[in-house]
Amino acid sequence: MLLSGKTAIISGAASPRGIGLATARRFAAEGARVAILDIDAGAATDAAASLGNSHIGLGCDVADKSSCEQAVARVIESFGGTDVLINNAGITQPVKFLEISAADWDRIQDVNLKGILFLSQAVIPHMRGRKAGSIACMSSVSAQRGGGIFGGPHYSAAKAGVLGLAKAMAREFGPDGIRVNCVTPGLIGTDITAGKLTDEMRAKILEGIPLNRLGTAEDVAGIYTFLASDLSAYVTGAVIDVNGGMLIH
C-alpha cells in the first residue's frame, strides 16, 4: 500500500461527492490514517466514521488561524504526528468582474488562498521538526486559462495565488525535507457542478476536452495519492494538471 504507516490531514473533505472525501477514501485504502477537516464539524465526523475506526473528523474554519492551529494540535495529539497535508478546502462564485463586491473578494480569497496559508503554517513547524512532509494544494485550470466554467475572476485570482504561494513554500521548505506541490483540476463532476450543467453546455465543454469526458473526484484523488506517497519523493514545486487535455501547455 502506497501510504502505509502515514497520517494525513485533508481539509474540506466532508462533502459526499467531493474531491476531499474521495481522496480520504483513497488514502485510507492505501493504508493511511486520515483526519478530515471541514467547516461542518458534524459532517466531518460522519465522513471520518465512514472510513473506519482509525480516522477522525474535526471542525475547522481554514480562514481562521486559531481554528487551524487547534485542529492541527488535535490531529497531532490523536495520531502522534502528520506526514501529509492536503489543502483541498475551497469555494467558488459564478459572477462577472464588475459584479464582484469587496465582501465577495474577501470571502473567496480567505477560503481558497488564506486558508492554505493558515493551515500550512499550523502544520509546517511539526513537519520541519521531523525533517519530512508532503503538502499538496488545490489550484484550478481557471488559474491557468484566466477563468473556468463556474468561478468568477476573483476565484481565478485566488487559485493563481495558490500556485505562487505553493512554489514559494516549496523553495523555502525543501531544505527541511518538505515537498509542496499543486494540483490543477479541470471540470470535475462534484456537488459544486451538480445540476448546473445543461446537456448543451456539457456537449460544448466536451468539444474542448480531448479525453471527451468530465473528470471525476477519483481522478484528482489519484494525483493527490501520488503526491502524498514516496513515488513523488523527488517532486516539489510542481503543478500537475488533471483536466483531460482541456488545457495543454
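Predicted model: local features only at pLDDT ≥ 70, side-chain atom pairs only at ≥ 80, totals over all residues.

Me: Which residues line the largest cavity?

Reply: The lining is made up of Ser11, Val62, Asn87, Ala89, Val111, Gly115, Ile116 and Leu119, and these divide into 5 nonpolar and 3 polar residues, with no charged ones.

Me: And which helix gives the largest share of that lining?

Reply: That is helix α4, spanning residues 102–130, which contributes 4 residues to the lining of the largest cavity.

Me: Switching to pockets, what's the volume of the second largest pocket, and what lines it?

Reply: The second largest pocket has a volume of about 160 Å³, and its lining includes Lys6, Asp83, Val84, Arg179 and Asp230, along with Ala132, Gly133 and Ser134. By residue class, the lining of this pocket divides into 4 nonpolar, 4 polar and 4 charged.

Me: Now helix α3, how many residues does it have and how far does it reach?

Reply: Helix α3 runs over residues 65–79, which is 15 residues, and from its first C-alpha to its last it reaches 21 Å, close to the 21 Å expected at 1.5 Å a residue.

Me: Which of its residues are buried?

Reply: In α3 the buried residues are Ser67, Cys68, Ala71, Val72, Val75 and Phe79. Viewed down the axis of α3, the buried residues fall within an arc of 125 degrees, so they line one face of the helix.

Me: What do those buried residues pack against, and what's exposed on the other side?

Reply: The buried residues of α3 pack against the strands β1 (7–11), β2 (33–38) and β3 (56–59), and also against α4, whereas Gln70 and Glu77 are exposed on the other side of α3. Just after α3 comes Gly80, which takes a positive phi of about 85 degrees.

Me: Why does Ser101 count as partly exposed?

Reply: Ser101 counts as partly exposed because its relative accessibility is 31%, a value that lies between the 20% limit for buried and the 50% limit for exposed.

Me: And how far is Ser101 from His154?

Reply: Their C-alpha atoms are separated by 9.9 Å, although Ser101 and His154 are 53 residues apart along the chain.

Notes
Residues numbered from 1 in each chain as written. Heavy atoms only, no water. 1 Å grid on protein atoms, 1.4 Å probe; cavity = no way out; pocket = protein on both sides within 12 Å on 5 of 7 lines; lining within 4 Å. Helix = DSSP H or I, 4+ residues; strand = E, 2+ residues; numbered from the N terminus. Nonpolar A, V, L, I, M, F, W, Y, C, P; charged D, E, K, R; others polar. Buried < 20%, exposed > 50% of the residue type's maximum accessible area, 1.4 Å probe, protein only. Expected span 1.5 Å × (residues − 1). Arc of directions from axis to C-beta. Contact = heavy atoms within 4.5 Å. Points joined across faces, edges and corners; volume = space filled by probe spheres on them.
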